[in-house]
Amino acid sequence: MSVALFFLLGAIAAVVIGYPLLPGQRAAQAAPVLSDTEIEQAVNRLRRAPSASGSHCPTCGAVYQAGDRFCVRCGSTLPQPGAEGPLQASAPAASITPACPSCGAILREGDQFCGKCGRPIDAGEVA
Amino acid sequence: MSSAMKFLVGGVVVAVVIGVLIATSFSGSTSDYLNVAKVKALGPDQTRNSRVAGEIVPDSVEWNTRELLLTFAIRDETGELDISYHGPQPDMLVDAVEAVVIGKYDPAGQVFNAEELLMKCPSKYEEKQ
Amino acid sequence: MLLADIGYGVLLLTLAAALWAGVASIIGVWRRRPELVASARNALFVTAGLSTLSAILLLVLLFSHEFEVRYVYEHVSTYLKPAYVLAAFWAGLEGSQLLWLWMLTIFVAVLVWRRPTWDRELRPYAMVVLALTEAFFAFLLILLTNPFELLASVPVEGISLNPLLQNFWMIVHPPIIFAAYALWTIPAAYALAALMTGRLNAVWLRGTRRWTLAAWASLGIGILIGAWWAYLELGWGGYWGWDPVENSSLIPFLVGTAFVHSAILQERRDMFRAWNVLLAVLTFALTVFATFVTRSGLIQSVHAFAESPIGWYYLGYIVLLLAVTVGLMLARRQELRGKGELGDLLSREFAFLVTNLLLLGSAAAVLLGTLWPTFTESVTKVATSLAAENYNRFMGPLGFLLVLLIGICPVVEWRKISAERLLRNISVQILVAVVTAVLLLVLGVRELWAVLSFAATAFAASTILLQMAQGVAAHMRTVPAVAAAEVATMGASGAAADPPRSSRHPNVFVATARAVGGNRRRYGGQLIHFSILLIVIGITGSQAYQTEVQVALAKGESAQVGDYTLTYQDYIYRQVEEGGNKILNEATLDVYRGGRKLTTVRPEHNLHSNVEGAVSEVAIRTNLKEDLYVVLASMESDGLAAFQVLVNPMVVWLWIGGLVMIAGTLVATWPSRKRGEAS
């Protein structure tokens with residue numbers, strides 16, 4: 001009796017394990033088109049480029065139109081053309097100089113607020 | 001010195017300091033594992049504690065409640081040793097169970113004054129007294 | 001015995017499925033045959049299902065008192081309470097090994113269920129390691145520690161569970177410890193996967209971070225519960241004995257803590273790549289080492305486990321694992337070079353390095369101390385054992401420095417900080433520490449080390465509180481998005497209404513929620529650090545000021561212990577309890593302080609039918625300041641009783657610290673829905 005149950009359990013296990021090896025299933029496991037590295041690079045490119053629909057408020061991320069001076073969602077003053085954009089915010093953490101987490105502007109040692117966007121800076125946030 | 005070099009040297013210095021601290025902690029207060037015969041051979045000027053393990057001799061356990069004094073004897077393959085211990089009677093103290101005593105031997109009184117008494121129990125997952 | 005035979009058969013199937021999972025993963029990734037990897041994934045679901053079935057079968061056998069099964073006979077009886085029948089599952093070697101295997105298979109199944117993008121390349125390699133580990137555990141169960149082994153004849157009654165184990169702690173402590181051991185397998189598997197694929201950047205660290213934190217917290221809580229158990233049940237007034245069994249959970253905890261910290265260093269600055277892979281594997285190897293220590297008979301412990309050759313199999317596994325790791329590290333030494341440059345001495349990088357050296361140094365010292373009798377015996381023919389004092393002599397200073405670092409690290413900047421700025425950042429904390437020290441000296445505290453310890457703790461605590469306050473304050477200045485939108489629209493429509501109050505001054509609770517929610521990882525970590533400080537306070541207080549009195553009292557007599565007066569009011573002598581297996585000896589004492597009655601305590605000193613010798617139940621009165629700990633050492637027929645009474649200061653802070661540790665871990669690992677949050 002126990003031998004019979006043993007084989008039954010073994011059969012169930014074999015079915016579950018062998019299922020992906022069936023010819024129909026094998027086709028479904030097609031290798032991904034893009035490799036992991038390629039996906040990572042594409043994501044990084046998207047992060048760095050300004051989006052097609054406009055720039056993002058450095059404080060709350062809402063999209064704003066060129067020419068706006070304040071963000072319509074959070075009220076913060078927006079960077080003007082020619083000022084540093086949100087680039088540095090997404091730079092890899094190996095940046096040499098401390099950057100404002102909000103707007104990416106370069107911070108001086110001891111700054112309590114970002115000179116460009118007025119965001120309060122915690123000592124622990126400066127990366 | 002380049003700052004990378006300073007970093008490495010600093011790390012090594014810290015590691016050495018930690019090593020020295022640990023090394024100096026390993027002396028004094030330690031106790032030596034001995035058997036009964038070796039304990040009885042000790043002189044009166046013992047600097048270190050000794051640690052002896054043995055089976056509790058049947059019917060040797062005596063407990064004086066008023067003084068919280070426990071006396072019993074343990075035995076191993078090299079002989080028997082009288083133990084004296086001030087403190088509460090530990091759990092699991094019963095004949096033929098193994099006990100570990102830590103303390104110093106008094107050659108004059110021929111008794112081992114135990115500061116610590118550990119019951120080593122035969123079944124699994126036992127804890128210490 | 002049908003169920004036992006099926007149980008054993010299920011273990012055989014588990015081994016087969018685990019082996020297939022390992023083999024199929026590696027062939028599948030080498031030969032680019034994803035269907036084999038998918039089959040391996042299914043095989044890991046199968047091992048989880050099968051080991052669950054095994055566990056259920058053992059439970060059924062235990063609860064139905066099938067004494068023909070040797071393990072059931074050894075650990076339960078017909079009169080054992082059901083809650084303790086459950087505990088009996090892991091009371092012995094065979095059951096605890098099955099518990100470990102079961103937990104590992106469940107966690108692995110949860111892991112492989114989801115298929116996140118970051119994991120695509122590493123997954124098959126991690127699966128190999130996990131599957132082969134499962135196979136190894138199953139192999140040991142089949143060959144050496146079969147829980148389903150049968151006896152030649154069927155006994156009518158079982159030996160039952162040792163009364164020392166019949167308590168709440170036996171139900172919770174081993175499962176948490178084994179869950180922790182099982183969880184630590186996962187970062188190790190991914191470290192090896194990173195080595196095998198050469199993908200040694202921080203992707204594997206970030207991806208396994210939640211598993212690592214869960215492993216770390218489980219082990220920490222498990223250790224604290226073990227200490228709590230020792231304190232409550234064993235009647236010697238202490239919670240830690242530096243026993244080899246205790247040490248062998250502490251050592252992986254310290255190494256795991258070092259790993260958690262150096263992982264941050266690699267994520268932020270791409271340094272310490274080699275440390276991280278090595279520490280991840282080492283932490284896991286040390287959890288397996290614990291079993292080797294306790295089972296091989298190599299080390300004498302009062303946790304007297306039966307010797308079993310299983311210890312040596314585990315040692316072989318560890319040696320193989322470490323050899324493979326080191327070999328892979330040599331092969332991948334190019335990829336192990338991170339891009340971060342070592343910076344200044346006054347930098348957060350160096351502070352992290354010192355942290356790791358302290359943690360690893362203490363782990364090495366505890367390991368050396370644990371193995372010291374074996375080591376000294378082979379060298380000097382006399383085995384020497386360390387006393388608690390030896391351990392305290394190095395753990396004290398190392399712990400002190402670690403507490404200081406908890407206070408300094410958050411205010412040291414990456415790359416470089418000037419000495420002046422650093423001093424400015426810690427000036428308030430230094431002041432707090434000095435004030436604390438002065439206060440303690442004024443209050444009569446004379447032990448220098450205790451004053452230093454409390455001052456250091458105050459220093460670190462004030463850093464954490466200041467950081468918290470700064471974060472909350474920043475969020476009280478920021479205008480929240482929704483309310484400001486209302487402001488903008490109202491302004492646009494020309495209405496002259498005042499903006500709602502909440503838009504100008506978010507109250508402190510909202511600000512705290514926003515601060516924490518915006519950076520759960522950081523605030524969770526700070527909360528965990530704070531829990532460590534609470535534990536240090538508990539340890540310092542209880543080590544510095546324990547008062548102990550041993551006294552014999554006849555009924556009606558009183559004794560003075562510290563501020564307390566205990567009056568022996570009544571007793572019960574040799575009364576047989578219902579159910580027939582416990583003979584109760586109980587003393588009733590009233591506790592007074594300053595003339596006012598505080599409470600009544602009832603310590604016990606009982607006899608059990610299945611255990612020789614007496615078992616005492618300690619009576620404890622706890623408050624935040626101290627514990628009054630009363631042990632009934634013995635009782636005579638006329639009621640003359642010997643008591644050991646201890647006053648243990650601040651012990652409860654250890655357990656409070658444990659609760660805060662759980663809270664901190666939950667905060668740190670809580671999933672976040674906001675995009676752009678630091679994760």
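**Figure 1. Buried residues of helix 14 of chain C.** In this predicted model, the buried residues of helix 14 of chain C are Arg421(C), Leu422(C), Ile426(C), Gln429(C), Ala433(C), Thr436(C), Ala437(C) and Leu440(C). They pack against two helices of chain C, helix 13 (388-408) and helix 15 (448-477). An α-helix has 3.6 residues a turn, so residues three or four places apart point the same way.

**Figure 2. Length and kink of helix 14 of chain C.** Helix 14 covers residues 419-442 of chain C, 24 residues in total. From its first C-alpha to its last the helix reaches 32 Å, close to the 34 Å expected at 1.5 Å a residue. A kink of about 50 degrees is centred on Ile426(C), which is also one of the buried residues. After the helix comes Gly444(C), with a positive phi near 105 degrees.

**Figure 3. Helix 7 and helix 9 of chain C.** Two packed helices are described by the angle between their axes and the distance between the axes. For helix 7 (residues 168-197) and helix 9 (residues 244-269) of chain C, the axes come within 12 Å and cross at roughly 40 degrees. The crossing is left-handed. Helix 7 contributes Ile177(C), Tyr181(C), Trp184(C) and Pro187(C) to the contact, and helix 9 contributes Ser248(C), Ser249(C), Gly256(C) and Phe259(C). Five of these residues are nonpolar, three are polar and none is charged.

Figure 4. Ser84(B) lies in strand 5 (residues 79-86) of chain B. Ser84(B) counts as buried because its relative accessibility is 14%, and the cut-off for buried is under 20%. Leaving out residues up to four places away in sequence, Ser84(B) touches Leu69(B), Leu70(B), Thr71(B), Val111(B), Phe112(B), Asn113(B) and Ala114(B).

Key. Residues numbered from 1 in each chain as written. Chains lettered and ligands numbered in written order. Predicted model: local features only at pLDDT ≥ 70, side-chain atom pairs only at ≥ 80, totals over all residues. Heavy atoms only, no water. Helix = DSSP H or I, 4+ residues; strand = E, 2+ residues; numbered from the N terminus. Expected span 1.5 Å × (residues − 1). Bend = angle between axes of the 7 residues up to and from the residue. Buried < 20%, exposed > 50% of the residue type's maximum accessible area, 1.4 Å probe, protein only. Contact = heavy atoms within 4.5 Å. Axes fitted to C-alpha atoms, helices over the stretch in contact; angles between N-to-C directions. Left-handed = near helix turned anticlockwise from the far one by under 90°. Nonpolar A, V, L, I, M, F, W, Y, C, P; charged D, E, K, R; others polar.
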